[in-house]
Amino acid sequence: MNAKHTSGPWTIIRESEDAIIRYSDGALASYIARIYNGTLCPEHGTVDANARLIAAAPELLAALKTIANSEELKTGTFVCDFQTLQGVARAAIAKAKGQ
């Protein structure tokens, strides 16, 4: 399956108590998702955390692709630069956590 998605980076815009995830390339802006707060969201207060996780999706996917496509991991030689792989993963995780 070769699903297409809007490329990153995705950003968060606050609108009242809701959060909007959007992509913008400078000339074109498109909305990815809207996180509702209040009665529509059963877990009140999770808007920011959910928005950060969704906005980090392109970076999380890229990190997983980098790790999964590491030649050293594919061949089983395990001589890859784990610090580089950890750095890629940690950067994506930090964005998801809002750090």
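Modeller: Contact here means heavy atoms within 4.5 Å. Helices (H or I, at least four residues) and strands (E, at least two) are DSSP runs, numbered from the N terminus. This is a predicted model, in which local features need pLDDT of at least 70 and side-chain atom pairs count only at pLDDT 80 or more, while totals for chains, interfaces and linings use all residues. Residues are numbered from 1 along each chain as its sequence is written, and side-chain values use heavy atoms, with hydrogens and water left out.

Let us look closely at helix 1. First, its setting. The protein chain has 4 helices and 3 strands. From the N terminus, the order is β-β-β-α-α-α-α. Of its 99 residues, 21% are buried.

Helix 1 covers residues 47-55. Its packing partner is helix 4, residues 82-97. The angle between them is about 145°, and the axes lie 7 Å apart. (Axes are lines fitted to C-alpha atoms, for helices over the stretch in contact; angles run from 0 to 180 degrees between N-to-C directions.) Helix 1 brings R52, L53 and A55 to this contact. Helix 4 answers with K95, A96 and K97. By class, the contact holds 3 nonpolar, no polar and 3 charged residues. (Ala, Val, Leu, Ile, Met, Phe, Trp, Tyr, Cys and Pro count as nonpolar; Asp, Glu, Lys and Arg as charged; the others, Gly among them, as polar.)

Helix 1 also reaches a strand, through D48. D48 forms a salt bridge with R14, with the closest N and O atoms 2.3 Å apart. (A salt bridge is a side-chain nitrogen of Lys or Arg within 4 Å of a carboxyl oxygen of Asp or Glu.) D48 sits in helix 1 and R14 in strand 1, residues 10-15, so the pair ties together parts 34 residues apart in sequence. D48 is partly exposed, at 39% relative accessible area. R14 is partly exposed too, at 42%. (Buried means under 20%, exposed over 50%, partly exposed in between, with a 1.4 Å probe and protein chains only.)

D18 lies in strand 2, residues 18-24. Shared partners join E15, D18 and R34 into one network. Within it, D18 is buried, at 11%, while R34 is partly exposed, at 33%. The whole structure has 4 salt bridges.
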